[in-house]
Amino acid sequence: MRILITGAAGYVGRELTRGLDSQHELRLADVQPLAGEPRFVPADVTRLDDVLRAMEGCDAVVHLAVASGLEGEVEDDAFNQLRFDVNVKGTFNVLEAARRHGLRRVVHTSSIMVAWGYSPSERIAADAPPRTVGTYSLTKGLAEAVCEHFARNHGLSIVCLRIPKPIEPSEPRWQGRRLRPQWLAFADLIQAYQRALTAPGIGFEIVTVVGAAARTRWDLDKAQRLLGFEPAVRLEELGFELGGEREPF
Ligand SMILES: NC(=O)c1ccc[n+]([C@@H]2O[C@H](COP(=O)([O-])OP(=O)(O)OC[C@H]3O[C@@H](n4cnc5c(N)ncnc54)[C@H](O)[C@@H]3O)[C@@H](O)[C@H]2O)c1
């Protein structure tokens, strides 16, 4: 598949590029240049013309671009205005470009923060209605609504993956630390995207993927059933102690 990745120069984009590289032909879009990368195309998702140009000839898009900055329960900070522009309007532009180019699949990156407002004791369905906290979460919830609009009204095939923080467990910074149970190893994140790109019969789906240890609270059944996702990395089996979902890090 020829895949455009937006926000390809970011934390998740760099790992996904490595993970999807062997099976797909990638085009890497970002506002930050990727030095020495021939697949890089400059594209600001807040500009429809940029996205239309970057997406030319693609079969699918993995949309990651986000206003970088604090991602917690922030209500009022310097990124507020930018978040609406990049996270909501940017998603609208990516979907509008996907519609005009007739893309076969959109994999939109959402966040479990969209459902962070449920009580910590509640079990959360894989596609639970948004319960947002803070403007990051609010804009990610609004972006899901934009996705649903394009799927229902324009027939786009869209998977919204609600993801937690992905990590590479072998990195020195995590050794000897208590980790959050919902965190997902990059190997499993890549598996989820691979499957979301190719799963058959998708109209519009919101699917949560979290680390296996968090499945008692976050429903992983839909990811298994719909995408065939099976987490392969269990952080406890790698010797990590897992703390609470809001464990400081
Ligand atoms: N990292 C996490 O813990 C986490 C958790 C849940 C969900 N997510 C989601 O994963 C996705 C990727 O997050 P990340 O951690 O890689 O973020 P990041 O901040 O590391 O990367 C975001 C990238 O988007 C680019 N970008 C910003 N504005 C842009 C614009 N107008 N046009 C094009 N590109 C633009 C930035 O230059 C950057 O390279 C986001 O959608 C985020 O909401 C991340």
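E75 lies in the loop between β4 and α3; helices (H or I, at least four residues) and strands (E, at least two) are DSSP runs, numbered from the N terminus. The model is predicted: local features need pLDDT of at least 70, side-chain atom pairs count only at pLDDT 80 or more, and totals for chains, interfaces and linings use all residues. Residue numbers start from 1 along each chain as its sequence is written.

Me: Is E75 buried or exposed?
Reply: A residue is buried if 20 or more other C-beta atoms, placed from the backbone, lie within 10 Å of its own, exposed if 12 or fewer, and partly exposed in between. E75 has 10 other C-beta atoms within 10 Å, so E75 is exposed.

Me: Which residues does E75 touch, not counting residues up to four places away in sequence?
Reply: Contact means C-beta atoms, placed from the backbone, within 7 Å. E75 and V133 are 58 residues apart in sequence, yet their C-alpha atoms are 8.1 Å apart in space. With residues up to four places away in sequence left out, E75 touches G134 and T135.

Me: Where is the kink in α3 centred?
Reply: The 22 residues of α3 reach 31 Å from first C-alpha to last, close to the 32 Å expected at 1.5 Å a residue; the expected span is 1.5 Å times one less than the number of residues. The bend at a residue is the angle between axes fitted to the seven residues ending there and the seven starting there. In α3 there is a kink of about 30 degrees, centred on G90.

Me: Which elements do the buried residues of α3 pack against?
Reply: The buried residues of α3 include R83, V86, G90 and L95. They pack against β1, α2, β4, β5 and α4.

Me: Which element gives the largest share of the shell around the ligand?
Reply: The ligand is surrounded by 27 residues, the closest being G7, G10, V12, S68 and K165; near means a C-beta atom, placed from the backbone, within 6 Å. Two or more residues of the shell come from each of α1, α3 and β5. The largest share, three residues, is from α1.

Me: Which residue of β9 does R162 stand opposite?
Reply: Strand β6 (residues 158–163) and β9 run parallel and are joined by five bridges; strands pair if DSSP finds at least two bridges between them. F204, I206 and T208 point one way from β9, E205 and V207 the other way, and all are buried. The residue opposite R162 is T208.

Definitions and conventions. Contact = placed C-beta atoms within 7 Å.
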